[in-house]
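Reader: I would like to go through this structure with you, point by point. Shall we begin?

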Amino acid sequence: MTDITSEFTAAYGRAPEGVWSAPGRVNLIGEHTDYNKGFVLPFAINFRTQAAVARRDDREIHLRSTFAEGEVVASLDSLSPDTMDGWSAYVLGVAWAAADAGVAIDAAFGLDILVDSRVPVGAGLSSSAALECAAGAAFNELWDWNLGDVALARLGRVAENTAVGAPTGLLDQAASMLGQEDHVVVLDCLTEEARAVPLHLREEGLGILVMNSNVDHEHATGGYGDRFRSCAEGARILDVESLREITADDLPRAQELLDEEAFRRVRHVVTENERVLATVAALEKDGPRSIGQLLDASQASMRDDFEITVPEIDTACDTAVAAGAIGARMTGGGFGGSAIALVPLEQADQIADAVRARLSEAGMREPTIFAVVPSEGARRDR
Ligand code: GLA
């Protein structure tokens, strides 16, 4: 494992003042509900991004990483989304978002930053949010912002939306900031109130497998934005501020007013919000073995109503459940990326083998399958 302190020292000729880190995330349930002001239920995973940082005596940010060549230099006086690109936009975007929101960085000094990431990129596990939140946690302390976790998550979201150009919600950054060991975080995206709910996976002998389809997804273009616009259009026709206001009782009226496809998009969001709340209730009452059907129903809704899964993901989920998983569903924005399976630990290998074998038989791309553990959110490491 890279020792980030010695890498920083080699790059900048002095030791960092501190190291901050933030994790990627898995969403247990509640997909495409965040930008509709609904509910989500993610957890932070045991794969983190670290940022080693030290102050400079000018107003420049110098940015290096262990995964890309060269140094990016930006002045605090001319941060602009138009001049940011690539991975550095996630870091600089957070500083820009803070300045844009009126958080004072005028009196601040610049920073030397070195980033190292263990969050798989392109797997739908929010490597970008991990980067935003690690940077945000470092800025918050070094620049004395004194912002709470949700406020920092919001800045990460703005960075993602603006610098990167994807109309995403608060899910990823909230999970990365607020995660706790062996807990999921239930976030109400309308009030932005969050609460940690115990999962009790270990006591129950359960684990969570990520099944990365290795099918590329890209949210700045393509289907994600289309779904975002369908939901906004659905809300407009139904004359509500957001789809959060629509409940199952309103669905018959929605079916009269919307075309067939728009209705299915809305139905996914409405039923998915209900499934998130039902999952929280089931976890609190009967524990994680009781949520399998909710996970499966979410997968079916994403496949049939919201149409954001790919055949590789559908096959992986069906096979995992047939091989003994308690439940399985796609996680994240969709159109590729990963699915998760909730599995009895003693069957994990056998379930993973069954999924690999089935996808191979079907002539599909080989998935990457590994276990994740619900872990702590952003923090200072040293
Ligand atoms: C991506 C986005 C999130 C959320 C999910 C879908 O991960 O970044 O904001 O919309 O897709 O639930």
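Reader: Where is asparagine 214 placed?
Author: This is a predicted model. In it, asparagine 214 lies in the loop between β8 (206-212) and α6 (223-237).

Reader: What is the phi of asparagine 214 near?
Author: Its phi is near 60 degrees, a positive value in a residue other than glycine. Most residues other than glycine have a negative phi.

Reader: What about glutamate 307, where is that?
Author: Glutamate 307 is in the loop between α9 (292-304) and α10 (311-322). Its phi, near 50 degrees, is positive, and at 32% relative accessibility glutamate 307 counts as partly exposed.

Reader: Changing topic: where does the ligand sit?
Author: The ligand sits in the largest pocket. The residues around the ligand include Arg25, His32, Tyr35, Thr168 and Gly332.

Reader: Which side chain has an N or O atom 2.5 Å from a ligand oxygen?
Author: That is the side chain of tyrosine 224. For aspartate 34 the corresponding distance to an oxygen atom of the ligand is 2.6 Å, and for glutamate 31 it is 2.7 Å.

Reader: How much of the ligand does the protein bury?
Author: Taken alone, the ligand exposes 310 Å², and the protein buries 97% of that.

Reader: Lastly, serine 88: which helix is it in?
Author: Serine 88 is found in helix α2 (residues 88-100). Serine 88 counts as buried because its relative accessibility is 5%. Leaving aside neighbours within four places in sequence, serine 88 is in contact with Leu63, Val72 and Gly93.

How values were computed: Residues numbered from 1 in each chain as written. Predicted model: local features only at pLDDT ≥ 70, side-chain atom pairs only at ≥ 80, totals over all residues. Heavy atoms only, no water. Helix = DSSP H or I, 4+ residues; strand = E, 2+ residues; numbered from the N terminus. Buried < 20%, exposed > 50% of the residue type's maximum accessible area, 1.4 Å probe, protein only. Contact = heavy atoms within 4.5 Å. Near = heavy atom within 4 Å. Polar contact = N/O pair within 3.5 Å; in protein donor to acceptor, adjacent residues only side chain to side chain. Areas by Shrake-Rupley, 256 points an atom, 1.4 Å probe, with all protein chains shown as cover. 1 Å grid on protein atoms, 1.4 Å probe; cavity = no way out; pocket = protein on both sides within 12 Å on 5 of 7 lines; lining within 4 Å. Sits in = over half its atoms within 2 Å of the grid points.
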